[in-house]
Amino acid sequence: MVSTSSQTLSTMVVGRISSIVAPTPNGDVAFNKQIDQNGNFAFSMDSEELGLASGDGGNSFGIWGMGAYSNFKSSASGGKYDADAYNLMLGFDWRATDDLLVGVAAGYGVLDLDKDNWTGGDTGYLRTDYEWTIMPYAAYNITDTTIADFAFAYTDSRYKDNDGTNTGYYDSDRYMTSLGLSQYFLYDRWTFSGRAGYMYVHGDLSSYARGATAVGNPDSFLGQLNLEGKISYYFDGGIQPYAALRYYYDTTTSSRPVESDYDEFGGVLGANWFATDQWTVNVEAGNTMGRQQFEAYRGQLNVRYEF
């Protein structure tokens, strides 16, 4: 549960921090063909060469809102479930310098998980009574096309656990730290990018009673390496569809995955619409692949305004 919840939060916000200051096409530009004298592609590492807008200048402040829906399920024997998660995040950031963006986001989450004959005959459910998150974040333009990002999130949750007969409540404090480095390559209207990042999550869970049963909740933790390759194309009118492939590898975890499967892939399809110099709309959908007896699907919508 820690892995899925934290990965959802990371995907929602952390994955978009670097894109805020990333080089993007700047209106109707006259794109250079970027072919050298030998007829080879000459990928640009400088946004100014392609008439692009990066983190330099422009608007100083940004506000944004994001909503996401996720469905994830497990078919592991003794631990089958089907879950729906809903998340809403609001954020504000400030371009402290031409190269440094700092911001903070706050959000609320809802989890609705139905158990399917868990060990001991548990056929109940697990739901959030509440879940609040606060997340400061930052992005730094090392160059126009090389970007470092950082985020720290604290989530305060209360869960309602039902085994089909009795119900108990427990509290959770979750701490997530994320670091990442992105590189962008520009050719004509195409943007190719890659990101390498690392996320560490620690969950402090309280023990509780469910009927006459005392349930001990050991602390949970997860360290996860994540890699992403992404390609996008900019159309006139400000539309920029993209596709990405992500890879996640659990470097350390408090619970052994099903069949010792420590990694998974994620496929992503989405689009940005640069409606004006101030408004940007993003839609994105994704799914997981390759983790034993687990699957997840998600969709999200993000609207950003700069001034």
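Reader: Are Arg-246 and Glu-284 buried or exposed?

Author: In this predicted model, Arg-246 is buried, and Glu-284 is buried as well. The two residues form a salt bridge, in which the closest N and O atoms are 4.0 Å apart. Arg-246 belongs to strand β13 and Glu-284 to strand β15 (residues 279-289), so the pair ties together parts that are 38 residues apart in sequence.

Reader: How should I read such a pair in general, and how many salt bridges does the structure hold?

Author: Side chains of opposite charge can pair when their charged atoms come close. The structure holds 18 salt bridges, and one of them joins Asp-161 to Lys-115 at 2.4 Å, N to O. That pair links distant parts of the chain, with Asp-161 in strand β7 (residues 146-162) and Lys-115 in strand β5, 46 residues apart. Asp-161 counts as buried because its relative accessibility is 6%, and Lys-115, with a relative accessible area of 8%, is buried too. Both residues also take part in a network of salt bridges that links Lys-115, Asp-122, Asp-161, Asp-163 and Arg-210.

Reader: Which residue forms a salt bridge with Asp-112, and how far apart are the closest N and O atoms?

Author: The partner is Arg-127, and the closest N and O atoms are 3.2 Å apart. Here Arg-127 lies in strand β6 and Asp-112 in strand β5, 15 residues apart. Arg-127 is partly exposed, since its relative accessible area is 33%, and Asp-112 is partly exposed at 27% relative accessibility.

Reader: Turning to cavities, which residues lie nearest the centre of the largest one?

Author: A cavity is a space where a probe fits but cannot get out, and the structure holds 3 of them of 30 Å³ or more. The largest has a volume of about 300 Å³, and among its 23 lining residues Val-14, Gly-15, Arg-195, Glu-228 and Arg-246 lie nearest its centre. By class, the lining divides into 7 nonpolar, 10 polar and 6 charged residues.

Reader: What is the volume of the second largest cavity, and how do its lining residues divide by class?

Author: Its volume is about 180 Å³, and of its 19 lining residues the closest to the centre are Ser-5, Ala-85, Asn-87, Glu-131 and Arg-174. The lining of this second largest cavity comprises 10 nonpolar, 7 polar and 2 charged residues.

Reader: Which residues make the nonpolar surface patch?

Author: Phe-61, Ile-63, Phe-92, Trp-94 and Phe-307 make a patch of about 440 Å², to which β3 (61-74) and β4 (80-95) each give two or more residues.

Terms used
Residues are numbered from 1 along each chain as its sequence is written. This is a predicted model: local features need pLDDT of at least 70, side-chain atom pairs count only at pLDDT 80 or more; totals for chains, interfaces and linings use all residues. Side-chain values use heavy atoms; hydrogens and water are left out. Patches are made of residues with over 30% relative accessible area and no salt bridge: like charges are joined within 9 Å, nonpolar side chains (Val, Leu, Ile, Met, Phe, Trp, Tyr) within 5 Å. Accessible areas come from the Shrake-Rupley method with a 1.4 Å probe; for residues, only the protein chains shown count as cover. A salt bridge is a side-chain nitrogen of Lys or Arg within 4 Å of a carboxyl oxygen of Asp or Glu. Helices (H or I, at least four residues) and strands (E, at least two) are DSSP runs, numbered from the N terminus. On a 1 Å grid over the protein atoms alone, a cavity is a set of points where a 1.4 Å probe fits but cannot get out, and a pocket is an open set with protein on both sides within 12 Å along at least five of seven lines; lining residues have an atom within 4 Å of a point. Grid points are joined across faces, edges and corners, and a volume is the space filled by probe spheres set on the points. Ala, Val, Leu, Ile, Met, Phe, Trp, Tyr, Cys and Pro count as nonpolar, Asp, Glu, Lys and Arg as charged, and the others, Gly among them, as polar. Buried means under 20% relative accessible area, exposed over 50%, partly exposed in between (1.4 Å probe, protein chains only).
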